[in-house]
Amino acid sequence: MRRHVTLILIWGLYSTFCLSGCATMRQGSYIGPGDERHARYAAQIHAALDPIVASSQAPDDEYRIRIYKSPNVNAWSLGRRRLVFTTTLLDLFTHTELTGVCAHEVAHELLRHNDKKKILSLGISSVFQVANIFVPGAVFADLIANPLITRGYSRAQEVAADGMAIELMQKIGYSIDDYVRLLERVSECAGEKKQGGLLDDHPSIQERIAYIKEKTDG
Ligand SMILES: [Zn+2]
């Protein structure tokens, strides 16, 4: 029994690290307000983000932005109205493209995708922790099952976020084509890299574009 308790404790620590790991591991690479580039990047983001938020179902929400130093083009939402953008995305993307990125990440926030993913992940881990009492070592199967299942859940989230992002963009005068062009640009910049966030590889960007065209042509 002591072995079971030890395994569960180890697993509990591992799960806690996984759920909070991304933000803390990247801490050293963020550009803070003390950096001379911060004001310029923040103004650029707010010029695209604020009209999207104003046109959304929660126009009074206050978003906190973080700027991450990276050679990759990417952006992601952390939940609780926190968005991250890489410096390379901000250097390369036009205002229209950045508006599309903001619409996509705001959609993830409004649809509470981060919260839902964490709840699902914790639920899966709990099942394996209980199973471990009866089958010692079962808790380690969570290492394989959890990422596979939660990643699958993200596929539906991406499609839902694309749909809401297009609605948000259309409310402020942009077209579906503007959003499709953004996805094509992301695909060009990403190349073969698989980085998560804006570049979630399942479904692929080509699949997402095809899905949008199928929905809008019908
Ligand atoms: Zn996304």
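**From the order of elements to single residues**

From the N terminus on, the elements of this protein follow the order α-β-α-β-β-β-α-α-α-α-α-α, which amounts to eight helices and four strands. Helices (H or I, at least four residues) and strands (E, at least two) are DSSP runs, numbered from the N terminus. The model is a predicted one: local features need pLDDT of at least 70, side-chain atom pairs count only at pLDDT 80 or more, and totals for chains, interfaces and linings use all residues. Residues are numbered from 1 along each chain as its sequence is written.

Two overall values describe the protein. Of its 218 residues, 26% are buried; a residue is called buried if 20 or more other C-beta atoms lie within 10 Å of its own, exposed if 12 or fewer, and partly exposed in between, with C-beta atoms placed from the backbone. Among contacts with a separation of 6 or more, 64% are between residues 24 or more positions apart. Two residues are in contact if their C-beta atoms, placed from the backbone, lie within 7 Å.

The strands come next. Strands of a sheet pair through backbone hydrogen bonds, either parallel or antiparallel. Here four strands form an open sheet with mixed pairing, in the order 1-2-4-3. Strand 1 (30-31) and strand 3 are the edge strands, each pairing on one side only; two strands pair if DSSP finds at least two bridges between them. Strand 3 and strand 4 run antiparallel and are joined by four bridges. Trp76 stands opposite Val84 of strand 4.

The loop between strand 3 (75-79) and strand 4 contains Arg80. This residue has a positive phi of about 50° although it is not a glycine. Arg80 counts as exposed because it has 11 C-beta neighbours inside 10 Å. Strand 4 (residues 82-86) includes Arg82, which counts as partly exposed because it has 16 C-beta neighbours inside 10 Å. Apart from neighbours within four places in sequence, Arg82 is in contact with Arg64, Arg66 and Ser77. The C-alpha atoms of Arg82 and Glu109 are separated by 8.3 Å, although these residues are 27 apart along the chain.

Helix 4 lies across strand 3 and strand 4, and runs at about 25° to strand 3. How does helix 4 (residues 95-110) meet helix 2 (residues 36-54), and at roughly what angle do their axes cross? The two axes come within 9 Å and cross at roughly 55°; axes are lines fitted to C-alpha atoms, for helices over the stretch in contact, and angles run from 0 to 180 degrees between N-to-C directions. Helix 2 and helix 4 are therefore oblique to each other, since angles under 35 degrees count as roughly parallel, over 145 as roughly antiparallel, 65 to 115 as roughly perpendicular and the rest as oblique. On the side of helix 2, the contact is made by Gln44, Ala47, Ala48, Leu49, Ile52 and Val53, and on the side of helix 4 by His95, Leu98, Thr99, Cys102, Ala103 and Val106. These residues divide into nine nonpolar, three polar and no charged. Ala, Val, Leu, Ile, Met, Phe, Trp, Tyr, Cys and Pro count as nonpolar, Asp, Glu, Lys and Arg as charged, and the others, Gly among them, as polar.

Arg112 has a positive phi of about 55° although it is not a glycine, and it is partly exposed, with 13 other C-beta atoms within 10 Å.
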